[in-house]
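Me: I would like to go through this model with you. Could we take the charged pairs and the ligand site in turn?

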Amino acid sequence: MARTSQIYIYGASGHGLVIADIAQAVGYEKVVFLDDKNEIKFHPNLPKADIVIAIGSNQTRKTVTARVKKAGFNVVSLVHPSAVISPSAVIKSGVVVMSNAVINAGAVIGEGAIINSGAVVEHECMIGEFAHISPNAALAGNVSVGELTHIGIGTSVIQGIIIGKECIIGAGSVVVRDISNKVKAYGVPAKIITKI
Ligand SMILES: CC(=O)SCCNC(=O)CCNC(=O)[C@H](O)C(C)(C)COP(=O)(O)OP(=O)(O)OC[C@H]1O[C@@H](n2cnc3c(N)ncnc32)[C@H](O)[C@@H]1OP(=O)(O)O
């Protein structure tokens, strides 16, 4: 679908402001924020235009994405011009890639995922749908991150690790063993703290 000159940003938080900067940097002429608390709220009958879902909560981002897609809006991916993306990486729809992120060869970034500022996603990593890789997190080669999982700021994950779905990995962790689904884990090395 051809890009529209206007883009809706669904969510007017700090995350939305960062995404608005990216939208302008890649050439959108007009940014319109939609927010449940703002004057302009999402409605299925709004004029159709590109849209990006700027909601930090992984589960809410997934739910809202389904809603706007059902209403016929074009959910786009936005990549900051300073990010370095391998030609062989695959970026699915609704992904945002912030400034200075690196996504290396053969990596696959699932629908609706966030690759935040300065994150490194090494070769052949698989990032699940609606996951969030926080700023300065570093995933070595062949790491798999399950859907809806949040990797905390500054976390490092060694090569080949499998992290399950719907997990929270705390800030500054070093993950050296696989992590099962639906757990909170943190520390150096990361240990499972609780089930979610
Ligand atoms: C652009 C952006 O802003 S993107 C967002 C980036 N943000 C992040 O990455 C935040 C990630 N979140 C965290 O790291 C959080 O601390 C969590 C989710 C791991 C834990 O949160 P909570 O369950 O609320 O834990 P809580 O704050 O109550 O702390 C419980 C204990 O764990 C410790 N703890 C919490 N997080 C960590 C961590 N990442 N590493 C080591 N210890 C930790 C606390 O010091 C505390 O210890 P104490 O009981 O001895 O005092």
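**Salt bridges and ligand site**

Reply: Lys62 is partly exposed, at a relative accessible area of 30% (partly exposed lies between buried, under 20%, and exposed, over 50%; 1.4 Å probe, protein chains only). The model is predicted, so local features need pLDDT of at least 70 and side-chain atom pairs pLDDT 80 or more, while totals for chains, interfaces and linings use all residues. Residues are numbered from 1 along each chain as its sequence is written, and side-chain values use heavy atoms, without hydrogens and water.

Me: What does the side chain of Lys62 meet in a salt bridge?

Reply: Its partner is Glu147, at 3.5 Å from N to O; a salt bridge puts a side-chain nitrogen of Lys or Arg within 4 Å of a carboxyl oxygen of Asp or Glu. Glu147 is partly exposed too, at 29%.

Me: How many salt bridges are there by this rule?

Reply: The count is three. Another joins Lys69 and Glu111 at 2.9 Å.

Me: Is Glu111 buried or exposed?

Reply: Glu111 counts as buried, at 15% relative accessibility, whereas Lys69 is partly exposed at 40%.

Me: Changing topic, which polar side-chain atom lies 2.4 Å from an oxygen atom of the ligand?

Reply: That atom belongs to Tyr186. A side-chain N or O atom of Lys184 is 2.5 Å from a ligand oxygen, and a backbone N or O atom of Ile153 is at 2.7 Å from one.

Me: How much of the ligand does the protein bury?

Reply: The protein buries 38% of the 980 Å² that the ligand exposes when taken alone (Shrake-Rupley method, 1.4 Å probe).

Key. Polar contact = N/O pair within 3.5 Å; in protein donor to acceptor, adjacent residues only side chain to side chain.
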